[in-house]
Amino acid sequence: MLLNRNQFLMAVASAGLAQLLPRGVAADRPARRWRPSDAAWPAPAAWKKLAQDVGGNLIPVDFPLSVLKTNPGAASQLSALLHNPYYVGDQPGLTQTLGWVDAWTSKPSVYAVAARNAHDIAAAVNFARTNNLRLAIKGGGHSYLGNSNAPDSLLIWTRHIHDIQMHPAFVPQGCTTRPQPAVTVSAGTIGMQAYDAVTTRGGKYVQGGGCLTVGLAGLTLGGGFGSYSKHYGTAAASLLEAEVITADGQIRIANACTNPDLFWALKGGGGSTFCVVSKLTLRLHDLPSWFGTANFTVKAASDAAYKRLILEFVRFYRSRLFNDHWGEQAHVGPENTLEIRMTSQGLSGDQAQAVWQPFLDFVKRSPQDFAITDRIVIGSIPARHWWDVAWWKEHWPEIAYPNPNGNPFIGFFDYALSHVLEQPAFRFDARPDAPPGNAWWTGDGDQVAQYLWGYESLWLPASLLADSAQAHLADALFASSRQQSVGLHFNKGLAGAPPDVIAAAKDTATNPAVLSAFALVIVADGQGPAYPGIAGHEPSVAEGRKSRARIARCTAPLRALVPHAGSYMSESNYFEPDWQHSYWGGNYPRLLAIKQKYDPEGLFFSHNGVGSEGWSRDGFTRA
């Protein structure tokens, strides 16, 4: 009998699990985890004992959206709060994404351990294992696939542990490697906290996410990218050591010398899968002199002109942008527009403008075909100020620099980035007690409290940039753009990176396809804030299903070019087919064996996570 890939992997998982479990354990395990309606759910006395074990930090989990079902008048106030990612992150019962049509909806746990240290986490792990409970883990709460929440579960909530310690010369425990600069962050640390400590105050760089409220723990475990990953590599490749709590409740160290198999799995093998992380130590990098941006939009007057524009950009990217200086995004869409929303590192304003001038000249030569529809903003600021909230506030006033040559406007700058932006670069947490550093990039605000309709991603190999392939890539991008806007995320493909970055990424669990990819294509859609049962804010299920089908049609021309492209697990389709190969490629069997070694009973579960073949979609029932 022939087995397909998924059947084979499930068979391997079952066989390996049977060998690792003590005799009789498999037969004695319940077929599903307990819910509050079950007689075996822990008694009040057991919960009281857990509360004592964690120093009183066991809390019942409220769901802030419940008030809207009984008091619709609170909608306007709560809606404003739901656009604030810091407010959402401060609520154990909320997640940054509120759901996905036909997939999942954000629902709170019954109780949460508001962990303050590794011992609190260990107590929660032991309690969940002993009482056969569904366990959920949340730090930043950014999970498109819904892995930051689970109803009827016990939540380990790490929001309040965000200590940060800089090390001028760090050596992992048990190793004799050369000391190097590093930073240790606790599991609840988010990007803005890390950037403030490491860059603004410390003058160094740590690989966090582009979105400032993403947790560094989830980013690293998921193999995540930052705006400058083509220069600094992935977050997973920066991991030097982790303090973790495994399914047996033991606090362990994982690095290249101690528990090296687990350490490798943590470098991109997925969060909430192998263990719970309490601390991470990440490699630090030197700062360049400059961080900068290139922002403008070109509109084509016809489909034929738009095809020519896309092909010219593909050629221009290959010749001028395909290197470790440039990251972030370009978008092509049905309106025949090319939106450039890119960032740079290591280039002054003069240098950045010189890079882009040939493309701008191409546009200017054909005014009948192309028009710049907004300001052109190209330039740089001192890198140490990129996340310096106080500096941005000081430089906030809008200043218009008239261009003596008329349109297009070129905001060419070295220090005055916010002066030429049409919107403030940052939004701020307006709650009265909010720390002054609670800020997020304006463009990331649309992600907060969204209800997704569909989402797909795929890596595009650098071979598509070859002279003989550029026209095929441009044709596929044009065909895709007829359906929906297509985002090319250049910082989420490592092709064009320095050799040391490629070598470090090879030693991670991430799909090797990222090594030869020049960009990650993302196509997504949704609405928000939205939530089922709230009048006037219900998810549009019918529109969501139409959108999901449209997204599939949109990516089809690109998938035809790259049939087995692979996908970035943290930004991918909830219904991803053959997700084992899509997320991890040939690394999956090794990851599965490590999962079986450290979590043989499957205590840790995430949707489409390593070993999840053995469970129902919600993680409650054994398959």
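Start with the crossing of H12 and H13, which is right-handed (a crossing is right-handed if the near helix is turned clockwise from the far one by less than a right angle, and left-handed if anticlockwise). This is a predicted model, in which local features need pLDDT of at least 70 and side-chain atom pairs count only at pLDDT 80 or more, while totals for chains, interfaces and linings use all residues. Residues are numbered from 1 along each chain as its sequence is written, and side-chain values use heavy atoms, with hydrogens and water left out.

**Stop 1: the helix pair**

Select residues 303-321 for H12 and 349-364 for H13; the two pack at an angle of about 160 degrees with axes 11 Å apart. Axes are lines fitted to C-alpha atoms, for helices over the stretch in contact, and angles run from 0 to 180 degrees between N-to-C directions. Helices (H or I, at least four residues) and strands (E, at least two) are DSSP runs, numbered from the N terminus. H12 and H13 are therefore roughly antiparallel, a label for angles over 145 degrees.

Next, show the side of H12 that includes Arg308, Phe313, Phe316 and Arg320, and the residues of H13 that include Trp356, Phe359 and Phe362; these are among the residues in contact (heavy atoms within 4.5 Å). The contact divides into 11 nonpolar, no polar and 3 charged residues. Here Ala, Val, Leu, Ile, Met, Phe, Trp, Tyr, Cys and Pro count as nonpolar, Asp, Glu, Lys and Arg as charged, and the others, Gly among them, as polar.

**Stop 2: salt bridges**

The structure holds 22 salt bridges (a side-chain nitrogen of Lys or Arg within 4 Å of a carboxyl oxygen of Asp or Glu).

Select Arg35 and Asp152, whose closest N and O atoms are 2.8 Å apart. Arg35 sits in the loop between H2 and H3 and Asp152 in the loop between S5 and S6, so the pair ties together parts 117 residues apart in sequence. Arg35 is partly exposed, at 23% relative accessible area (buried is under 20%, exposed over 50%, partly exposed in between, with a 1.4 Å probe and protein chains only).

Move to Asp102 and Arg545, a salt bridge of 2.7 Å, N to O. Asp102 is in the loop between S2 and S3 and Arg545 in H18, so this pair links parts 443 residues apart in sequence.

Then select Asp374 and Arg341, at 3.7 Å between the closest N and O atoms. Asp374 lies in the loop between S17 and S18, and Arg341 in strand S16.

Finish with Asp90, Arg159, Asp429 and Arg431, which salt bridges with shared partners join into one network.

Methods. Angles under 35 degrees count as roughly parallel, over 145 as roughly antiparallel, 65 to 115 as roughly perpendicular and the rest as oblique.
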